[in-house]
Protein chains: 2
Amino acid sequence: MIDMNTTVLIAVVAGMIGLLFSLYQRSYVLAQDEGSDRMKQIAAAIQRGAQAFLSREYRAVAILVAIVTVALVFLSSVPGSGMSALTAVAFVLGALASGLSGYIGMYIAVRANVRTAQAASQSLNKGLRVAFASGTVMSTMVVSLALLGISILFILFVNELGNAAQAASALAGFGFGGTSIAIFARVGGGIYTKAADVGADLVGKTEAGIPEDDPRNPATIADNVGDNVGDVAGMGSDLFESYASSIIAAISLATSAGAFVGDGLVAAQVFPLLVATAGLIISIIASFLVRTEEGADQEKLLGSIRTGIYSASVMIGIVVIILGFALPFGEKNVGIVIATLSGLIGGVLIGYFTEYFTADTYGPTKALSASAEGGAGIVVIRGLALGMMSTLAPVVIVVVVTLLATSQADLYGVAVAAVGMLSTLGITLATDAYGPVADNAGGIAEMSDLPEEVRDRTDALDSLGNTTAATGKGFAIGSAALTALALTAAFITALTAGGSTALGAAVNPADLLLNPQFVTGLFIGGLLPYIFSALTMVAVGDAAQQIVEEVRRQFREIKGIMEGKAEPDYERCVAISTDSAIRQMLLPGIIAVGVPVGVALLAVLGRGNALGDFVAPITLVGVLLGSLVSAFMLAVMMANAGGAWDNAKKNIEAGNYGGKGSDAHKAAVVGDTVGDPFKDTSGPSLNILLKLLAIVSLVIAPLIGSAFPATAGAVDEQAPAIERTVDDDGNQASDAGDDSSGG
Amino acid sequence: MIDMNTTVLIAVVAGMIGLLFSLYQRSYVLAQDEGSDRMKQIAAAIQRGAQAFLSREYRAVAILVAIVTVALVFLSSVPGSGMSALTAVAFVLGALASGLSGYIGMYIAVRANVRTAQAASQSLNKGLRVAFASGTVMSTMVVSLALLGISILFILFVNELGNAAQAASALAGFGFGGTSIAIFARVGGGIYTKAADVGADLVGKTEAGIPEDDPRNPATIADNVGDNVGDVAGMGSDLFESYASSIIAAISLATSAGAFVGDGLVAAQVFPLLVATAGLIISIIASFLVRTEEGADQEKLLGSIRTGIYSASVMIGIVVIILGFALPFGEKNVGIVIATLSGLIGGVLIGYFTEYFTADTYGPTKALSASAEGGAGIVVIRGLALGMMSTLAPVVIVVVVTLLATSQADLYGVAVAAVGMLSTLGITLATDAYGPVADNAGGIAEMSDLPEEVRDRTDALDSLGNTTAATGKGFAIGSAALTALALTAAFITALTAGGSTALGAAVNPADLLLNPQFVTGLFIGGLLPYIFSALTMVAVGDAAQQIVEEVRRQFREIKGIMEGKAEPDYERCVAISTDSAIRQMLLPGIIAVGVPVGVALLAVLGRGNALGDFVAPITLVGVLLGSLVSAFMLAVMMANAGGAWDNAKKNIEAGNYGGKGSDAHKAAVVGDTVGDPFKDTSGPSLNILLKLLAIVSLVIAPLIGSAFPATAGAVDEQAPAIERTVDDDGNQASDAGDDSSGG
């Protein structure tokens, strides 16, 4: 029997191997040729811009992290709060690890771009190798840091607190720290990247008629910086958090849900860590399988990436089966294996269906391209409809995985399904992070006048990146939904820990399902993603508008730009994007953290008085479930509609329906413009919104629980539902309050 | 004390008065001058087209109604099903009444349009009077038929069944019948109207450069027919159903929720009928207040409509207070009055905020117009963001109304809040139905070359109609959400009637909230509105494409059309729109009825076996709550974004940002094209989707309930949750099934 100490030792060794591999890949990338002076100069500008943005972002976020840390320390010092000061420790470490993941990813991406461009002048395979290696630097770093952090903290916390349940609770702080960084990285990076992209395109391509990435466009450096800060750093922090949270939720549910005892309990706690460990090592091995030959077409390039992912999935699947039977789960072994595999397979299927809906090799995006002949309005309507229809597959997959996992292994099953889905992260995230590097490489090739054949190779690599980016987004959303579900389960379970009456005592199901606080919580939760998306979409629009005005000003005031005689002021556009993104990321981020805290606070304040008629702990449960459903649909819709519009435009640019410059192309460009904030700002931010709401709730669950202590003899009066109660004294207002707050 | 017999007598008398008033207004409208032969000829073509569509639609729907009726009769004949054959009777009558409401509304609208055009050549006030009078024909008919149907059926059913609870249950069939017609009327009419509109605009305005409603455009008659079949007939059936269902839900909850006994029970049953009765009479009185003076500007015209609605609201509010204190509610009187008033006021507020977000006199739509200078992509992004942000107000209002109503009067409070909100329907629906008539009048004025000043007057009336249509849509969605909530409450309550174990026995709240069947139900429910909207938006696109091709063909093949020498083949476009709409309305409609029935069937089949791990009655509860939240947000977003795009375009056409023909105008037209299916097809159809899911569930509730009979001694094992159960024998798969199905 593998005990927890051994498991942690294994995980730490694997994490160290991962870090070493990441460093090795880093050295490999940095050892590549940087090309000409012109290329170095452009790359340096991108590096400066990305560095400047991340510094500003991290400084702004550091203040918020400090405030939250102080709040967590304060709350844990309140007698009887049920929270440990270790939560604050975990929070800070989680924030640091998440920030570091994003930073390292960005650091290597802005250095790999120029080297990929140079490598592509040698061969396609060389270009792919360099770009993909840079992706593995971040992906292995993310996975290793998460694994090291969780395993070391868990064992320390268990020793310190002497109790696995409390240790798991404090560990939630690690996920919370990770999400706090992720939300700002995704929202801020998403605003930056799309403001620069849309702004550069609107004036450069549309008004001035110069090609994409043309060095005369003052916003072109900002555009290339954006690819790195949004798609690399944001994605890194986002998936760091999903990965960490899924493992934390699994440990937490193994410990607190009461389904496991003795050796089985230890097995349930070590299983997610061991699966993750295996996933890390297997991903490293599988990354060597990603290679191609000269003259490979899109299908072959995609095939090489798929070989890596599918091989990793099969190997992990085998390890899951072995682990499931080797650990002392007793007769639960089959169920736990099925649950974990369902998540693993579900993730692969979500990736497939995302590709089906967004790649122009399949029907939906082909039809979208064709509809561009009907004009911009039609192409927008069709794209929205495509996005809506595409929610079917991921929702059905998540539903099936959830039902299968819970029927086989209760709530613990959902958590290990999420762990299973994310176990391939070491390689799937590498394919994601690869995209912006290839995109940048193309930009640098264009700006530094490399030969046509080099640009053709970087275009091939870039196009592959678009497909993997779309698939990666589908995977990120699906895994976020499953992770959030597991976190919500952990939250609800934690709310009732120690006999807390936060959710009231046993009730008739009808009373609970009709509980007005619960139902209104669902509405509020359903609303949040809409408000959040509205804010982020408007932010992109506003920031893009500023870039447009600045680019127009430079074209007007700096003489000789268009003739290539004068250098545009790239730094100014970088500064504007940075300022807008930092300023506008705050409100959405604060809403995401503030709403669950606010609802919890009101629920605690409303205990035993009239306020309790309106807000109770069950309201927060409603908020989580409502936002989960609403954000999941909206995120899938936005990501897939955006991806499909992008590829429909590229399909027309490849010569269909009149090709570049035709009316159909103009219509498709409108679709793509709408899709930009959809797929790169609002959609991906929703992933984090739903995880953040759940993990904040989980962190403060002990606080809510302790405000509603178990009280002997009060059990029968504490039903949280207020309806169906024949009210003898007729004094409904206050009576309902008493019922729902259980005071 | 007013007993049920007296109440029914009062309601029947009021309903008769309403019918007489409706007939009187009909005679008034028909007595007006029809104008020139050219005008009569055009009007006749519109009448033929509308008549043809409605005949086709009703024939198609009749088959489905017959099938459902047979199914209901069969189900009620199964021994122990708990369903009464009277449900089938109520279903048929509800379908007839709903169909009749739509038919009468359409009948008068296609006759009032030409008379309004002629009246407008005399004066603005005369035009307003005729158009508004035609609106009152439908609105009073809808309200009267609903009131008569419910009150008469209720008293008959009580006598027949000897039991108010069973009578209320059978009465749900009346609402079901109404919704069944409504879903096809809204979806079919919505597809028709937007296909014709978009198709006519794309070729006529954009390609051929001829004005809107130009008689040379072969699709112009179809476009005018569309206004009537979508906005009049569809809206009539939709609100008939909301109105009827809110009253049915109130009676049902008064009867079955157990909060009322003795005189209080009778009071709770008669109160919704009396409020509705008062609303009908007061609406008739208030409709006389809607008048204006010559040369009135938009603000004054809107003021005249508002005078009518606000006066009616105040008068109804007073009656609610009097009734609340006059009826023997005991100490519950204040609570019931507050609950009802909260709905009444909430409805007015939703109308106000809808106007705020969609009228170009306020900031949001002004900013949207301004953004059109940034191009089509930007205007689409901003419009979507505006729509998303606009969900805030209605959601908060519905949440506050729900919490206030339940805290004051339990679930019954939600139902009477819905009744309160809909009590002004006699006048609010008239303002809605007025819109298409004014729109058609403008079309007829254009096609028959009436003087400029007449067209100016009809334009003023039309513009007012756009505002009232947007407000009306907000009101329709808000009331649908509240009604669906009340219906869901009635459904859940009915599920547990007679000690049924459909939802299991008392459980720990955590177990229930984490129940996988419930949570996956939420996901499926959240998904439905997206699939539904995708289908309807694609349907509009496909149908519009056919119209575009037909119009192009006629321009090409019929010589002399453009010179006005040859008559286009209007009938062909009407036939194409009709065919497409009828064909494409079926799938969305069948999904809406099929999903709850399918889930219920699986739940019953899964009782006591492994299927029960996946589907249980609580799944259906999840579907209802998930769809309620998801459809509400999406419907508000679509309706308001669509309204705002429409008005932003009109704002630019009024001379702002370069006026007609400018780049900003072209961008705004793209927004408007996207908005068309949003606001007139998909958005409004979602109202009905959410009500239909709930009422179908309510109708089949006795069936589900009787499949899970109360079993003595099994109470403790029947918890529907499967998690948190320490599983002794380890045989999880089948054990979970037993738990959840309570067999």
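In this predicted model, helices H2(B) and H13(B) are oblique to each other, since the axes of H2 (residues 37-77) and H13 (residues 425-447) of chain B cross at roughly 135 degrees, coming within 9 Å, and an angle counts as roughly antiparallel only over 145 degrees. The crossing of H2(B) and H13(B) is right-handed. On the side of H2(B) the contact is made by Arg38(B), Met39(B), Ile42(B) and Ile46(B), and on the side of H13(B) by Asn440(B), Ile444(B) and Met447(B). Sorted by class, the residues of the contact between H2(B) and H13(B) are 5 nonpolar, 1 polar and 1 charged.

**Helix H13 in chain A**

Two further pairs involve helix H13 of chain A. From H6(A), the residues that make the contact are Thr220(A), Ile221(A), Asn224(A), Asp227(A), Asn228(A), Asp231(A), Val232(A), Met235(A), Leu239(A) and Tyr243(A), while H13(A) contributes Leu425(A), Leu429(A), Asp432(A), Ala433(A), Pro436(A), Asp439(A), Asn440(A), Gly443(A) and Met447(A). The contact of H6(A) with H13(A) is made up, by class, of 10 nonpolar, 5 polar and 4 charged residues.

For the second pair, helix H8 (residues 298-326) of chain A packs with H13(A) at an angle of about 160 degrees, the axes being 9 Å apart, and H8(A) is therefore also roughly antiparallel to H13(A). The crossing of H8(A) and H13(A) is left-handed. Here Ile305(A), Gly308(A), Ile309(A) and Ala312(A) of H8(A) meet Ile427(A), Thr428(A) and Thr431(A) of H13(A), and the contact of H8(A) with H13(A) holds 4 nonpolar and 3 polar residues but no charged residues.

The angles and axis distances of these pairs are set out below.

| Helix pair | Crossing angle | Axis distance |
|---|---|---|
| H2(B) and H13(B) | roughly 135 degrees | within 9 Å |
| H8(A) and H13(A) | about 160 degrees | 9 Å |

**Relation between the chains**

Chain A is superposed on chain B by a rotation of 180 degrees with 0.0 Å of shift along its axis, at an RMSD of 0.0 Å. The two copies are thus related as by a two-fold rotation axis. Of the interface residues of chain A, 99% are also interface residues in chain B, so the copies meet through the same surface.

**Buried residues and their contacts**

In chain A, Ile282(A) is found in helix H7 (residues 262-287) and is buried, with a relative accessible area of 8%. Once neighbours within four places in sequence are left aside, Ile282(A) is in contact with Ala312(A), Met315(A), Ile316(A) and Val319(A). Ala312(A) is also one of the H8(A) residues that meet H13(A). The C-alpha atoms of Ile282(A) and Gly426(A) are 8.3 Å apart in space, although these residues are 144 residues apart in sequence.

In chain B, Ala259(B) occupies the loop between helix H6 (220-256) and helix H7 (262-287), and its relative accessible area of 12% means that Ala259(B) is buried. Not counting residues up to four places away in sequence, Ala259(B) touches Lys332(B) and Asp410(B). Asp410(B) is 151 residues apart from Ala259(B) in sequence, with 8.2 Å between them in space, C-alpha to C-alpha.

Asp197(B) belongs to helix H5 (residues 164-208) of chain B and is likewise buried, with a relative accessible area of 9%. Apart from neighbours within four places in sequence, Asp197(B) is in contact with Asp223(B) and Asp676(B).

**Backbone angles**

Most residues other than glycine have a negative phi. Asp410(A), which is not a glycine, has a positive phi of about 55 degrees; Asp410(A) lies in helix H12 (residues 392-422) of chain A and is buried, with a relative accessible area of 11%. Tyr657(A), which is not a glycine either, has a positive phi of about 50 degrees. The place of Tyr657(A) is the loop between helix H18 (617-653) and helix H19 (663-707) of chain A, and at 33% relative accessibility Tyr657(A) counts as partly exposed.

Terms used. Residues are numbered from 1 along each chain as its sequence is written. Chains are lettered from A and ligands numbered from 1 in the order in which they are written. This is a predicted model: local features need pLDDT of at least 70, side-chain atom pairs count only at pLDDT 80 or more; totals for chains, interfaces and linings use all residues. Side-chain values use heavy atoms; hydrogens and water are left out. Contact means heavy atoms within 4.5 Å. Helices (H or I, at least four residues) and strands (E, at least two) are DSSP runs, numbered from the N terminus. Ala, Val, Leu, Ile, Met, Phe, Trp, Tyr, Cys and Pro count as nonpolar, Asp, Glu, Lys and Arg as charged, and the others, Gly among them, as polar. Copies are superposed by least squares on the C-alpha atoms of residues with pLDDT of at least 70 in both. Axes are lines fitted to C-alpha atoms, for helices over the stretch in contact, and angles run from 0 to 180 degrees between N-to-C directions. Angles under 35 degrees count as roughly parallel, over 145 as roughly antiparallel, 65 to 115 as roughly perpendicular and the rest as oblique. A crossing is left-handed if the near helix is turned anticlockwise from the far one by less than a right angle, and right-handed if clockwise. Buried means under 20% relative accessible area, exposed over 50%, partly exposed in between (1.4 Å probe, protein chains only).
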